[in-house]
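Please look over the sequence and the model before reading on.

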Amino acid sequence: MNIITGKILTLLAVVLTAGVAIADSRVIFNDDFEDEVPGRDPKNWKQAWGTQGEDALTVCSEKAATGDKSLLIERGNNDKNWGFAPKIPQIKETAGTMTLEYCFQLEGPGNAAWVGFELRSRNNKEKHALTWSIRDFKLIMVSTVPNAPKRGRTSGPLITPGTWYKMKITAPLSKASGDNAMIEITNLGSKEVSNYEVVYNHPSAPGAFLINFHPAKNNFKLYIDDVKVTVDAK
């Protein structure tokens, strides 16, 4: 090996080593429901607020984005609002990004479904860090930062009933890591991908993910699958 080759290999090793040190990625939550029993309550999810009433929150084998099972929320004639959440471990990193991924499918009348999703602080005392909802089968993303562009509201694609979609939300863990959250939604049938950027309202203790149901919107089904949260420290 000559001197030039040796220098190149040494430089490459330094770059690779630096890359490993910078990109410290870890999965802190991963739930595909495959090890659970259909018809039973999900192990890693629970009601977080409101009145669930007769609405079902169970593992099912009717449909799945991958594998054989998913989480089913069957909204009946309940006129109350309520929400549920996964048990995501505390995020200790203060710089870098948090990425939430999940698949979903909606069934029911287009004027009935209204599902809200939100990232917020674990202490539950702050405003939402970011919200997005499906109302009348249209995706709407909302920033809670005061004076955000377009009043913080961004419209996404129409959601087709009976079709699986994948959501991917990447949010900065601190203001030093960035101001905006990146949202990617993929139609798993057509493979069409849409990307959006929304101003992020940084929470003091990130890591809470909630799924909520609104009053007067009933008689539809929501399937959730392949939920994963990854932290990339910088």
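How many salt bridges does a search of the whole structure find? The search finds eight, a salt bridge being a side-chain nitrogen of Lys or Arg within 4 Å of a carboxyl oxygen of Asp or Glu.

## Basis of the model

This is a predicted model, in which local features need pLDDT of at least 70 and side-chain atom pairs count only at pLDDT 80 or more, while totals for chains, interfaces and linings use all residues. Residues are numbered from 1 along each chain as its sequence is written, and side-chain values use heavy atoms, with hydrogens and water left out.

Strand β1 covers residues 24–31 and includes Val27; strands (E, at least two residues) and helices (H or I, at least four) are DSSP runs, numbered from the N terminus. Val27 has a relative accessible area of 48% and is therefore partly exposed, given that buried means under 20%, exposed over 50%, and partly exposed in between (1.4 Å probe, protein chains only).

Not counting residues up to four places away in sequence, Val27 is in contact with Lys228, Val229 and Thr230, where contact means heavy atoms within 4.5 Å. The C-alpha atoms of Val27 and Thr230 are 4.3 Å apart, although 203 residues separate the two in sequence.

A salt bridge joins the side chains of Arg26 and Glu93, with an N to O distance of 2.6 Å. Arg26 belongs to strand β1 and Glu93 to the loop between β5 (82–86) and β6 (96–107), so that this pair links parts of the chain 67 residues apart. Glu93 is buried at a relative accessible area of 18%, whereas Arg26 is partly exposed at 33%.

Another salt bridge pairs Asp55 with Arg75, their closest N and O atoms being 2.7 Å apart. Because Asp55 lies in the loop between β2 (45–50) and β3 (56–60) and Arg75 in strand β4 (residues 70–75), the pair ties together parts that are 20 residues apart in sequence. Asp55 counts as buried at 4% relative accessibility, and Arg75 also counts as buried, at 2%.

Lys63 and Glu107 form a salt bridge through their side chains (1.9 Å, N to O). This pair connects the loop between β3 and β4, which holds Lys63, to strand β6, which holds Glu107, across 44 residues. Lys63 is partly exposed at 25% relative accessible area, and Glu107 is partly exposed at 23%.
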